[in-house]
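I opened the model to look up a few local features and keep notes on them. The entries follow in the order in which I looked.

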Amino acid sequence: MSITDKIFWLRIGFAILAGLISGALGYLSGNPQGFRGIGIGFLLYFISYIVARIAFGKRVPLSEHRKLVTTGMGSYVFMFLTVWILYNTYMHEQQLSNST
């Protein structure tokens, strides 16, 4: 597996973690503090960059250091939002079915 593949899967793992954390903390769109869920996503993306730089920074040529930032960026955003939405949907479905 190439270094960019490893960075990609690292980002996917962090995106799943960020979505679960944002959902578990109860950040919903109707919540006035819902923007903090997005902040968690940004924070974990930054942490994934630090982990990638520590783990793979010496093996990536200086001319390609930009790949440490950009690899998996779009997939991270979509996976983060998907997990966050699915978590909230599942939790609200459980609450609705328990209340009836």
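Entry 1, nonpolar patch. I found that Ile 38, Phe 42, Val 77, Leu 81 and Ile 85 make a nonpolar surface patch of about 450 Å². Patches are built from residues with over 30% relative accessible area and no salt bridge, with nonpolar side chains (Val, Leu, Ile, Met, Phe, Trp, Tyr) joined within 5 Å and like charges within 9 Å. A salt bridge here is a side-chain nitrogen of Lys or Arg within 4 Å of a carboxyl oxygen of Asp or Glu. The areas are Shrake-Rupley values with a 1.4 Å probe, and for residues only the protein chains shown count as cover. Two or more patch residues come from each of α2 (35–56) and α4, and α4 gives the most, with three. Helices are DSSP runs of H or I with at least four residues, numbered from the N terminus. I checked Ile 85, which is found in α4; Ile 85 counts as exposed because its relative accessibility is 52%. The classes are buried under 20%, exposed over 50% and partly exposed in between (1.4 Å probe, protein chains only).

The model is predicted: local features need pLDDT of at least 70, side-chain atom pairs count only at pLDDT 80 or more, and totals for chains, interfaces and linings use all residues. Residues are numbered from 1 along each chain as its sequence is written, and side-chain values use heavy atoms, with hydrogens and water left out.

How many aromatic pairs does the count come to? I noted four, taking rings of Phe, Tyr and Trp (its six-membered ring) with centres within 6.5 Å; planes under 30 degrees apart are stacked, over 60 edge-to-face, the rest tilted. Phe 8 and Trp 9 are edge-to-face because their ring planes stand at 85°, with centres 5.2 Å apart. Phe 8 is partly exposed at 25% relative accessibility, whereas Trp 9 is exposed at 53%. Tyr 45 and Tyr 76 are also an edge-to-face pair, with 4.9 Å between centres and 70° between planes. That pair links distant parts of the chain, with Tyr 45 in α2 and Tyr 76 in α4, 31 residues apart. Both Tyr 45 and Tyr 76 are buried. I also noted one aromatic cluster formed by Tyr 45, Tyr 76, Phe 80 and Trp 84.

I placed Ser 22 in helix α1 (residues 3–24). Ser 22 counts as buried, since its relative accessibility is 0%. Leaving aside neighbours within four places in sequence, Ser 22 is in contact (heavy atoms within 4.5 Å) with Tyr 27, Gly 37, Ile 40, Phe 80 and Trp 84. A polar atom of the Ser 22 side chain lies 3.1 Å from the backbone oxygen of Gly 37.

I located Thr 71 in the loop between α3 (67–70) and α4. Thr 71 is buried at 14% relative accessible area. Its side chain reaches the backbone oxygen of Lys 67 at 2.7 Å. Beyond four places in sequence, Thr 71 touches Thr 4, Ile 7, Phe 8, Arg 11 and Tyr 45.

Is Asn 88 buried or exposed? I have Asn 88 as buried, at 13% relative accessibility, and in helix α4 (residues 73–99). With neighbours within four places left aside, the contacts of Asn 88 are Gly 23, Tyr 27 and Leu 28.

Definitions and conventions. Polar contact = N/O pair within 3.5 Å; in protein donor to acceptor, adjacent residues only side chain to side chain.
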